[in-house]
Amino acid sequence: MKSKGYCGEVKFPFVLQNLHRYFLYLALVILVILWIDAIKAFVFVQPDGRQRLGIGFGTLALLANTSLLTLYTFSCHSLRHLVGGKLHCFSCAAAGGPRQKTWSAVSLLNQHHMGWAWWSLFAVCFADFYVRMCSMGVFHDRVLYL
């Protein structure tokens, strides 16, 4: 009798691993949107309608928020598997050198995945709180124009 061998995560509960990978893809799309917002936060509209580049505390909060969420997302083991999984030999694969460097970087980040999770959680909470307080007029963001 021949054994079937490995057939992937096709049976419960292993099929739930696929959900983790799909949420990673969704998170990568959301990260692009967050980075666009973080970059737009550096543009301030003056009362006369002109736009000026500047840095405020809210800008830094959004930048820290997005940076930490990026580190958390890029430290995911699903991304590690995506860039270097299913390879037994990096030097034998197409673009093996860059793939190995990317896999090594993601592996280094992956060692602190839980830490990135906690720091990104605090950054999201703080950025939400600060933007909310500014929108309510409780805080007034100081801006340094460039």
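Leu-24 is found in helix α1, where helices (H or I, at least four residues) and strands (E, at least two) are DSSP runs numbered from the N terminus. This is a predicted model, in which local features need pLDDT of at least 70 and side-chain atom pairs count only at pLDDT 80 or more, while totals for chains, interfaces and linings use all residues. Residues are numbered from 1 along each chain as its sequence is written, and side-chain values use heavy atoms, with hydrogens and water left out.

- Leu-24 is buried, with a relative accessible area of 4%; buried means under 20% relative accessible area, exposed over 50%, and partly exposed in between, with a 1.4 Å probe and protein chains only.
- Not counting residues up to four places away in sequence, Leu-24 touches Thr-73, Cys-76, Ser-78 and Leu-79, a contact being heavy atoms within 4.5 Å.
- The C-alpha atoms of Leu-24 and His-113 are separated by 14 Å, although these residues are 89 residues apart along the chain.
- Helix α1 covers residues 16–40, and its 25 residues should span 36 Å at 1.5 Å a residue, which agrees with the 37 Å between its end C-alpha atoms; the expected span of a helix is 1.5 Å times one less than its number of residues.
- Besides Leu-24, the buried residues of α1 are Asn-18, Leu-31 and Ala-38, and what covers the buried residues of this helix includes α2 (57–74) and α3 (77–84).

**Helix α2 and its surroundings**

- Helix α2 has 18 residues and reaches 25 Å from its first C-alpha to its last, close to the 26 Å expected at 1.5 Å a residue.
- The buried residues of α2 are Gly-58, Thr-59, Ala-61, Asn-65, Thr-66, Leu-68, Leu-69, Thr-70 and Thr-73, and their cover includes α1, β1, β2, α3 and α5 (113–135).
- Thr-73 lies in helix α2 and is buried, with a relative accessible area of 9%.
- Leaving aside residues up to four places away in sequence, Thr-73 touches Leu-24, Ala-27, Leu-28, Leu-31 and Leu-79.
- Ser-120 lies in helix α5 and counts as buried at 4% relative accessibility.
- Ser-120 touches Leu-68, Leu-69 and Tyr-72, not counting residues up to four places away in sequence, and from C-alpha to C-alpha Ser-120 and Leu-71 are 8.4 Å apart in space while 49 residues apart in sequence.

**The strands**

- An open sheet is formed by 3 strands in the order β1-β2-β3, with antiparallel pairing; two strands pair if DSSP finds at least two bridges between them.
- The edge strands are β1 and β3, each of which pairs on one side only, and the twist averages 55° from one strand to the next.
- Strands β1 (residues 43–45) and β2 (residues 51–56) run antiparallel and are joined by 3 bridges, with Val-43 standing opposite Leu-53 in β2.
- β1 and β2 form a hairpin with 5 residues between them, and Gly-49 in the turn has a positive phi of about 95°.
- Strand β2 is also joined by 3 bridges to strand β3 (residues 143–145), and these two run antiparallel; the bridge partner of Ile-55 in β3 is Leu-144.
- Helix α2 lies across β1 and β2, running at about 70° to β2; axes are lines fitted to C-alpha atoms, for helices over the stretch in contact, and angles run from 0 to 180 degrees between N-to-C directions.

**Packing of α3 and α4**

- Helices α3 and α4 (residues 96–110) pack at an angle of about 170°, with their axes 9 Å apart.
- The two helices α3 and α4 are therefore roughly antiparallel to each other, given that angles under 35 degrees count as roughly parallel, over 145 as roughly antiparallel, 65 to 115 as roughly perpendicular and the rest as oblique.
- α3 passes α4 in a left-handed crossing, a term for a near helix turned anticlockwise from the far one by less than a right angle, whereas clockwise is right-handed.
- The contact is made by His-77, Leu-79, Arg-80, Leu-82, Val-83 and Gly-84 of α3, together with Arg-99, Thr-102, Trp-103, Val-106, Ser-107 and Asn-110 of α4.
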